[in-house]
Structures are given as structure tokens and as C-alpha cells.
Amino acid sequence: MPVIRFVREGRDVECYPGENLREVALREGLELYGLKGQLGNCGGCGQCITCFVDVVAEASPGALSPRTPVEERKLRRRPEGWRLACQALVQGSLVVLTRPQAGLSDREAVLAAAREQPLPAGPTAWPVSAEPAMAEPEADQPTATADEAAAEGPVGG
């Protein structure tokens, strides 16, 4: 299952196939936005283009869903590796640089190091719900209907 390596933040984050890249980053408390995006972003609708990221290296082709028509329109003058995090669904492990427009000291060396390290194996199963199972009534014991319970009156009375 997918692992996203956030280069600028120096973190590997596990997620499940089909999760939205923006939602994963925000859930993990990663700074996805620059100042403009912090002051006013569209909330994940693909209209403000403040959540773009640079997909530095993919562990395999197709690590993200294909570009949406919104991305094609909004990113037509941007580098090919840039994606709108709000429009991208994670399908496989990948390496991402958040806020690629902002400076990163020794950028090429940092990116090369991130590409060289193998991505760890991610989760192997979907999470199990922690909801307790409701007990089924015993088959040999009769259950009172609401009308019968009301006719009996208050309990302990």
C-alpha cells in the first residue's frame, strides 16, 4: 500500500489507495500551503491552485490518478511533474515536494537523497472499525414488544 515521502518535511506517511493527497497532507499536519494559500484557499475544489506539489519521483508509473481536466487547465504553464494535491488520488508510493515554488537549500542534493532511499512498505490492510457488535437476543427467550413493556409499568415499581 502507498507511502508518500514528503521531502521538505522529511517524513514518510502511510495512506490507503484512493486517498486524496491534500487530505493526507492536512491530516498529518504538513504545511501544504504558502502564505497565499493559508490566507485563502478553495478548500480542495481545484480553483485556487495553491496546493500544488512537485511529484519528484514515482516508485511506479501511475502512483497518482491521472491529471483531471481542472489540473490540465490550471497547470498548463507549469512543469509536467506538478500536480494539484486536491485533485490527485494516491494509487502507489511516491516522493513529493510541497510548495515547489519556495526555495529549498541544496535542492538537488536533497531530492537525490529522497529518490535513492527505498520507500518502506505501507499498510497491508484497511483499518478495522472499532464499533462494538450488538448482541443478538437469545432465540429461546421471548422478547417483549414496546406495547408489552409499557403495560408492565416502570421497572422496580
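Visitor: Which residues have the most contacts inside the largest nonpolar core?

Guide: Good place to start! Keep in mind that this model is predicted. The largest nonpolar core has 27 residues. Those with the most contacts inside this core are Ile-4, Phe-6, Leu-21, Leu-84 and Leu-94.

Visitor: Which strands and which helix each supply at least two residues of this core?

Guide: Let's walk along the chain. Helix H1 (21-27) is one contributor. The strands that each supply at least two residues are E1 (3-6), E3 (52-58), E4 (82-84) and E5 (94-98).

Visitor: Which residue in E5 does Phe-6 stand opposite?

Guide: Look at how the strands pair: E1 and E5 run in the parallel sense over three bridges. Phe-6 also touches residues including Leu-21, Ala-25 and Thr-98. The residue standing opposite Phe-6 in E5 is Val-96.

Visitor: Are the faces of E5 covered or uncovered?

Guide: Take one side at a time. Leu-94, Val-96 and Thr-98 are buried on one side. Val-95 and Leu-97 are buried on the other, so by the cut-off of under 20% relative accessible area for buried, both faces of E5 are covered.

Visitor: Does Ile-49 count as buried or exposed?

Guide: Ile-49 lies in the loop between helix H2 (35-39) and E3. Its phi is near 50°, a positive value in a residue other than glycine. Because its relative accessibility is 19%, Ile-49 counts as buried.

Visitor: What is the phi of Arg-99 near?

Guide: Find Arg-99 in the loop between E5 and helix H4 (107-116). Most residues other than glycine have a negative phi. Arg-99 has a positive value, near 45°.

Conventions: Residues are numbered from 1 along each chain as its sequence is written. This is a predicted model: local features need pLDDT of at least 70, side-chain atom pairs count only at pLDDT 80 or more; totals for chains, interfaces and linings use all residues. Side-chain values use heavy atoms; hydrogens and water are left out. A nonpolar core is a set of buried Ala, Val, Leu, Ile, Met, Phe, Trp, Tyr and Cys residues joined through side-chain atoms within 4.5 Å. Buried means under 20% relative accessible area, exposed over 50%, partly exposed in between (1.4 Å probe, protein chains only). Helices (H or I, at least four residues) and strands (E, at least two) are DSSP runs, numbered from the N terminus. Contact means heavy atoms within 4.5 Å. Two strands pair if DSSP finds at least two bridges between them. Lists of a residue's contacts leave out its neighbours within four places in sequence.
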